[in-house]
Amino acid sequence: MQQSAVPELAHTHARPIHWIATATAVAGVVALSSVLQPGPATAAQPTTPGAEPGPVTVAAPATTGVDFPIECGPVKALVVKQATGDLDGDRRPETVAVVHCDSPMGTPPDGVYVLTQAAGASGARVVATLVDPKDRLTVTSLSVGNGAVRAALLGYSSADVPSCCPDVKDSAKWQWKDGAFIRSAPAGAHSV
């Protein structure tokens, strides 16, 4: 074995004074860190004009147990589609539900309803009807985003068209304005 040409360094051998100095330094850092704490963290997102507010912390209203304003006779009302989002800017989500009668045959018309739930209330309630089942429309898609409800609708050009075969396709958009849901002018109905 060849001997090192470099003399041994003094700090390579730990002595008790080294351990005492290290322990004192660590204790000082721990004590100082407990005194100097950073400020509390916040989860707030920076806001920009026209941007939607931060995430909603309240659960959206459930559709179970809601008395929808639809006449179904001996069959039950059936929720076939739903979407949630904050429609009126109060940072509490609303639920939009597409409902029709649970008919054993045919294509029953849909109703589109907006549900809300007051803070502390045990259940949701219908606050608006966007599509009345009497209009004989079928909702093929539903979405909620940017404070608006959007739906694709199938309907009939006249009362003579059989219920099985809608012949008009349309789209609709509703937004909350001045205390009511306003439907924007449709782009125009198209024959199917």
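Modeller: First the term: a disulfide here is a pair of cysteine sulfur atoms within 2.5 Å. Numbering the bonded cysteines of the protein chain in sequence order, they pair 1-2, 3-4. This is a predicted model, where local features need pLDDT of at least 70 and side-chain atom pairs count only at pLDDT 80 or more, while totals for chains, interfaces and linings use all residues. Residues are numbered from 1 along each chain as its sequence is written, and side-chain values use heavy atoms, with hydrogens and water left out.

Colleague: How many disulfides does a search of the whole structure find?

Modeller: Two. One joins Cys72 to Cys101, with an S to S distance of 2.1 Å. Helices (H or I, at least four residues) and strands (E, at least two) are DSSP runs, numbered from the N terminus.

Colleague: What is the handedness of the disulfide of Cys72 and Cys101?

Modeller: Left-handed, because the torsion about its S-S bond is about -90°.

Colleague: And Cys72, buried or exposed?

Modeller: Buried, at a relative accessible area of 13%. Cys101 is buried too, with a value of 13%. Buried means under 20% relative accessible area, exposed over 50%, and partly exposed in between (1.4 Å probe, protein chains only).

Colleague: Which cysteines form the other one?

Modeller: Cys164 and Cys165, with their sulfur atoms 2.4 Å apart. The S-S torsion there is about -70°, so that disulfide is left-handed. Cys164 counts as exposed at 54% relative accessibility, and Cys165 as partly exposed at 37%.

Colleague: Changing topic. What helices and strands are in the protein chain?

Modeller: One helix and nine strands. Along the sequence the pattern reads α-β-β-β-β-β-β-β-β-β.

Colleague: In what order do the strands of the open sheet come?

Modeller: The order is β1-β2-β3-β4, four strands with antiparallel pairing. Its edge strands are β1 (77-85) and β4, each pairing on one side only. Two strands pair if DSSP finds at least two bridges between them. Inside the sheet, β2 (residues 94-101) and β3 (residues 111-116) are joined by five bridges in the antiparallel sense, and Val99 has Gly111 in β3 as its bridge partner.

Colleague: What about β5 and β6?

Modeller: Strand β5 (residues 138-145) runs antiparallel to strand β6 (residues 148-155), with seven bridges between them. Leu142 stands opposite Ala151 in β6. The hairpin has two residues between the strands, and Asn146 takes a positive phi near 55°.

Colleague: Back to β4. Where does Val126 lie, and what is it in contact with?

Modeller: Val126 lies in β4 (residues 125-131). Apart from neighbours within four places in sequence, Val126 touches Val66, Asp67, Phe68, Pro69, Tyr113, Val114 and Leu115. Contact means heavy atoms within 4.5 Å. Val126 is partly exposed, at 25% relative accessible area.

Colleague: How does the protein chain score on pLDDT?

Modeller: The average is 81, and 75% of the residues score at least 70. Over residues 40-49 the pLDDT is below 50, and beyond near neighbours in sequence this stretch has zero contacts in the model. pLDDT is the predictor's confidence in each residue, from 0 to 100. Where it is low, the predicted coordinates should not be read in detail.

Colleague: What share of the residues in the protein chain is buried?

Modeller: Buried residues make up 26% of the 192.
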